[in-house]
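Subject: Handover of a structure

Dear colleague,

Please find the structure below, passed to you for your further work. A summary of the findings follows it.

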Amino acid sequence: MALVLDKLKRHEDARLLVGINTADDAGVFLLHKDLALVQTVDILTPMVEDPYTFGRIAATNSLSDVYAMAGTPVTALNVIGFPAPADKAWLAAILQGGEDAVAEAGAVVCGGHTFNEKEIKFGLAVTGTIAPRRIVTNAGAKPGDVLLLTKPLGTGIFAQVMMNEEKVDDLLYQAATKSMMTLNRAGSEALVACDANATTDITGFGLLGHAQEMAEASGVGIRLTFSSIPFLPTVRELSAAGVVDAGVAMNESSFGPLVDWDPAIPESDRNLLWESESSGGLLVSLPEQSVERYREMTGEKGVEAVVVGQVLDGPAGRLEVRE
């Protein structure tokens, strides 16, 4: 996508506070000195059989990009591709799941667009608001910062097992769906209060891809500690048994040359850091003195923010993964 965007003629506008230059999670447009809009759009294909659960996951995933900027979602538009011959009760359930996620976020669904598509796809175009002075981007990480992750990894493995129609351990199913349906609201609301320097949410490019974008945009290096990274139950065992998310090859091809691995980490564990995540958590870069406050604020709302690494003084855009 970067190769395509680089060929476009861009029209500069001073009101565009955050655009596509740093591969950030959402765009931010200035309305007046005290108010800006945060805008994003995202869609997913089903990773569970229950349509309501899928709708809720897809909507939560879309809302996350606004939360990653420290914004507040206010409106949403449904974007749904649905096979014309399919049971319309499924369509209603998907939309209800999305509606309930948006309502939990305190936002409103204003309408949307449905199109005939062979494979079901659903997501939201979300508009949020933010005070310009409160914007947190992926470009502000500073050497010495501590990195925290607010959700466990492993939804890629989970989706792969579901797609293969294999039996999914109930513990994994419950943990994965609960995680994907949990809004990143608590993690977002603590960003400004705890002086966060940068944040991004972990979705299609996996932990390593999004961490690399943060490192490059911020002009820093990043070190991740594998043993500290949280995972959904049984996904490490599934990976070791040969289950591989479809996003691994793409992400490793795109970002692999920028990562220095501890040789003690096996390929099956490396794949978990490359896999695409659906409705993943926030990766937050904080001054060390703010870490405990952030963990306390999010913990009060049921979110476990885990320290997973640190920000280094370069090389810019480079990652290290240590055991």
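Which residues of helix α10 are buried? They are S268, D269, N271, L272, L273 and W274. Please note that the model is a predicted one. Helix α10 spans residues 267-274 and is mostly covered, with six of its eight residues buried. The elements against which these buried residues pack are α4 (155-163), α7 (206-218), α8 (235-240), α9 (247-255), β10 (259-261) and β13 (319-322).

Six strands form an open sheet in the order β1-β2-β3-β6-β4-β5, and their pairing is mixed. The edges are taken by β1 (16-18) and β5 (108-116); each has a single partner strand, so one side of each is left without a neighbour in the sheet. From one strand to the next, the twist averages 25 degrees. In general terms, strands of a sheet pair through backbone hydrogen bonds, in either a parallel or an antiparallel manner. Strand β4 (residues 72-82) and β6 run antiparallel and are joined by nine bridges. I80 has F122 of β6 as its bridge partner.

Two helices lie across this part of the structure. Helix α2 lies across β3 (35-44), β4 and β6, and runs at about 30 degrees to β6. Helix α3 (residues 88-104) lies across β4, β5 and β6, and its direction is at about 165 degrees to β4.

The aromatic pairs number five in total. In one of them, the ring centres of F54 and F122 are 6.5 Å apart and the ring planes stand at 70 degrees; an angle over 60 counts as edge-to-face, so this pair is edge-to-face. Because F54 belongs to helix α2 and F122 to strand β6 (residues 121-130), the pair ties together parts that are 68 residues apart in sequence. F54 and F122 are both buried.

Helix α2 also has a helical partner. Helix α2 (residues 51-68) packs with helix α5 (residues 170-181) at an angle of about 45 degrees, and their axes are 8 Å apart. The two helices are therefore oblique to each other. On the α2 side the contact is made by T53, R56, I57 and T60, and on the α5 side by T177, M180 and M181. Sorted by class, the contact of α2 with α5 has three nonpolar residues, three polar residues and one charged residue.

With kind regards

How values were computed. Residues numbered from 1 in each chain as written. Predicted model: local features only at pLDDT ≥ 70, side-chain atom pairs only at ≥ 80, totals over all residues. Heavy atoms only, no water. Axes fitted to C-alpha atoms, helices over the stretch in contact; angles between N-to-C directions. Helix = DSSP H or I, 4+ residues; strand = E, 2+ residues; numbered from the N terminus. Parallel < 35°, antiparallel > 145°, perpendicular 65-115°, else oblique. Contact = heavy atoms within 4.5 Å. Nonpolar A, V, L, I, M, F, W, Y, C, P; charged D, E, K, R; others polar. Phe/Tyr/Trp six-rings, centres within 6.5 Å; stacked < 30°, edge-to-face > 60°. Buried < 20%, exposed > 50% of the residue type's maximum accessible area, 1.4 Å probe, protein only. Pairing = 2+ DSSP bridges.
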